[in-house]
Amino acid sequence: MILRWMRVADEEKAAYIDLDRVREGLPTTPYGEGVKIIKPPMASTVSSVEGMLVCNPNDPAEWGIFYNPEASPERQRFTIAHELGHFVLHRAKRRTFNCDKAAVHFSQDTAANIEREADEFASNLLMPGDVLRDRITSQDVDLHLLSGLAKTFGVSFEALCIRFIKFTEKRAILLHWDNGFLKYEWRSRSAVLSNTRIRRLSDPAEPLRDTVAADESIPQEWNGIDMSAAVWCVGEQPYMKLQEFKHSYGGRDRVLTLLILEDAEPRRWDNSWQNQESFDSFDQFVSDRKS
């Protein structure tokens with residue numbers, strides 16, 4: 001809805017969202033009712049704080065946002081969008097939101113519901129689904145394409161990869177390895193519906209043999225390597241293929257693996273393939289708030 005409001009004013013679909021404009025304009029919309037100003041974001045002096053949204057205790061019509069000045073510009077931008085999400089979705093519940101690193105940036109397993117909702121809000125605001133669809137349609141997806149889109153949207157590469165997983169109609173899985181162990185896993189809707197699961201031989205999981213993730217001589221594989229889907233995934237037929245992509249961060253202690261699988265073969269008993277429901281959680285937020 002906020003994007004619609006901006007587009008009505010601009011009469012165009014901008015890929016790079018001007019957060020200052022969103023912040024300044026919100027008090028004039030129904031989403032900022034009773035608020036006269038959201039002050040420009042300021043650097044926090046508290047090192048443990050990734051982001052903060054606070055209401056002036058002496059004037060409930062004034063709100064402010066703080067961010068971690070040591071974070072990258074892309075992470076600062078996501079944090080500010082996250083705090084704007086708290087402003088739109090949750091300020092009726094609290095007057096202060098203090099978000100640490102575990103709360104911001106897609107901590108799907110540990111964050112409270114409101115933190116996940118603020119993350120989803122930021123993701124949808126900064127990477128509009130229709131713009132993303134336009135950019136990836138009719139193109140072969142690889143990490144070169146996703147990296148370019150991250151720069152276009154002004155977000156981190158990891159944030160863009162997660163957004164891609166949540167948006168794509170392909171069977172795809174994103175894995176984040178931290179010091180050789182699986183930190184988190186995201187599966188696309190098609191992967192979930194087709195019960196596509198990675199093979200786990202240990203707990204916590206480690207990269208599987210014969211995969212690019214396990215090959216320390218390959219720090220980057222942005223073009224993708226073809227292999228049998230059965231190498232990675234439980235229950236896949238040996239003739240089904242997947243592409244494995246890899247991105248290692250500086251010290252190689254953080255690694256992203258992207259798996260894009262061939263479409264699964266339809267199964268007669270699986271009615272989920274007829275489910276064409278939208279997977280955009282922002283739409284779900286709006287729907288929930290209207291109900």
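Two residues are in contact here when heavy atoms lie within 4.5 Å. With that in hand, let's walk through this predicted model, in which local features need pLDDT of at least 70, side-chain atom pairs count only at pLDDT 80 or more, and totals for chains, interfaces and linings use all residues. Residues are numbered from 1 along each chain as its sequence is written, and side-chain values use heavy atoms, with hydrogens and water left out.

Leaving aside neighbours within four places in sequence, Met127 is in contact with Phe153, Val155, Ala159, Leu160 and Arg163. Met127 and Phe153 are 26 residues apart in sequence, yet 6.1 Å apart in space, C-alpha to C-alpha. Buried means under 20% relative accessible area, exposed over 50% and partly exposed in between (1.4 Å probe, protein chains only).

Next comes the interior. A nonpolar core is a set of buried Ala, Val, Leu, Ile, Met, Phe, Trp, Tyr and Cys residues joined through side-chain atoms within 4.5 Å. The largest one has 54 residues, and Leu84, Leu146, Phe153, Leu160 and Leu258 have the most contacts inside it. Helix α7 gives the most to this core, with eight residues. A second, separate core of 19 residues includes Leu175, Ala191, Ala229 and Cys233.

Helices (H or I, at least four residues) and strands (E, at least two) are DSSP runs, numbered from the N terminus. Here are some of them:

| Element | Residues |
|---|---|
| Helix α5 | 129–136 |
| Helix α7 | 157–167 |
| Strand β6 | 171–178 |
| Strand β12 | 254–261 |

Helices α5 and α7 pack at an angle of about 90°, with their axes 11 Å apart. Axes are lines fitted to C-alpha atoms, for helices over the stretch in contact, and angles run from 0 to 180 degrees between N-to-C directions. The two helices are therefore roughly perpendicular (65 to 115 degrees). Gly129, Leu132, Arg133 and Ile136 of α5 meet Leu160, Arg163, Phe164 and Phe167 of α7.

Finally, an open sheet of five strands runs in the order β7-β6-β12-β11-β9, with antiparallel pairing (at least two DSSP bridges between two strands). Its edge strands are β7 (181–187) and β9 (220–228), and the twist averages 20° from one strand to the next. Eight bridges join β6 to β12, and Ile173 stands opposite Leu259 in β12.

Conventions:
Parallel < 35°, antiparallel > 145°, perpendicular 65-115°, else oblique.
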